Amino acid sequence: MNTHLSLQSSVRIANLPLFASLLIPAFARAAELRPLSTDRPDTTESAYTVDAGHYQFELEIANIENDGGGRTYNFAEMNAKIGISPSTDFQLVLPIYSHQQAGEEGFGEIILRLKHNLWGNDGGDTACAVMPFLKLPTANGDLGNGEIEGGLIVPFSFQGPANWSCAVMTEVDISLDEDGSGYHPVFVNSATASHGLTANTGVFLELVSILSTDDGADSEAYFNTGCTWAITESTQLDGGIRAGLNSASSDFTPFLGYSVKY
């Protein structure tokens, strides 16, 4: 028997646990996902993207928009995301079904979005992203205006006092004029703050303003609030209400949602 060979083999075998202890954590770290961060349930978008090669689905299970005695029922609006790089994800927003009281019903307008995180994706007290989007004329009847529109969203997240997580967002939409003669910018600005209530539940508070530069258009203002429940590290349930603060805004919209990342 070759004693030298046997000794080498024994050393290799003896070192296997050491090699495993060094390699396994490295692979585990590579497989770890960032904490679930969703663009819902508030209006303010998240500054964080979906991990490269992974999927995230954010579903507005249902909402009921009440406005001046009329109602619109919306079901299963889906934001399907895929991480295409460590700092970029692609999003497809699908409004599956809406029903206007004594009005149109059916599929809404598809929105294509590309979110790119500028900094903060993997740590730090702040994070910022840019998100251009394009809206396609896919809606049934009066559920849309039959035109291509788009814009740019810039969300910024930061750590607030007393363990409040805060974010602000500015958005510029290029929208069709009411009379169809051209296009005008619409400015959406929002600020939100969220805080944990327990280990897996939290609450958020948000203010939103919508200012259209179209002739005769009135500005809108909203106060939104609700709760989130982290069922697991990669799944979340949410619910709340969006309340109009002036006559031009929808009166109130209760909602229920669900998000999951794979």
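This is a predicted model: local features need pLDDT of at least 70, side-chain atom pairs count only at pLDDT 80 or more; totals for chains, interfaces and linings use all residues.
**Aromatic rings, a nonpolar core and a buried serine**

Ring pairs join Trp119, Phe156 and Phe158 into a cluster.

A pair of aromatic rings is described by two quantities, the distance of the centres and the angle of the planes. In this model the count comes to 4 aromatic pairs. One of them is formed by Phe75 and Tyr97, whose rings are stacked, with 6.3 Å centre to centre and 25° between the planes. This pair links distant parts of the chain, since Phe75 belongs to strand β2 (residues 70–85) and Tyr97 to strand β3, 22 residues apart. Phe75 counts as partly exposed because its relative accessibility is 38%. Tyr97, at 31% relative accessibility, likewise counts as partly exposed.

Strand β3, which spans residues 88–100, also contains Ser98. Is Ser98 buried or exposed? Its relative accessible area is 11%, and Ser98 is therefore buried, the limit for this class being under 20%. The side chain of Ser98 makes a polar contact of 2.5 Å with the side chain of Asn74. Beyond its neighbours within four places in sequence, Ser98 is in contact with Tyr73, Asn74, Glu104, Glu105, Gly106 and Leu143.

Attention may now turn to the nonpolar residues. The largest nonpolar core has 7 residues: Met131, Phe133, Ile153, Met169, Val188, Val208 and Tyr222. When neighbours within four places in sequence are set aside, the contacts of Ile153 include Met131, Phe133 and Met169, as well as Glu45 and Arg113.

Note on methods. Residues are numbered from 1 along each chain as its sequence is written. Side-chain values use heavy atoms; hydrogens and water are left out. A nonpolar core is a set of buried Ala, Val, Leu, Ile, Met, Phe, Trp, Tyr and Cys residues joined through side-chain atoms within 4.5 Å. Buried means under 20% relative accessible area, exposed over 50%, partly exposed in between (1.4 Å probe, protein chains only). Contact means heavy atoms within 4.5 Å. Helices (H or I, at least four residues) and strands (E, at least two) are DSSP runs, numbered from the N terminus. A polar contact is a pair of N or O atoms within 3.5 Å; within protein, one must be able to donate a hydrogen and the other to accept it, and residues adjacent in sequence count only if both atoms are side-chain atoms. Rings of Phe, Tyr and Trp (its six-membered ring) pair if their centres lie within 6.5 Å; planes under 30 degrees apart count as stacked, over 60 as edge-to-face and the rest as tilted.
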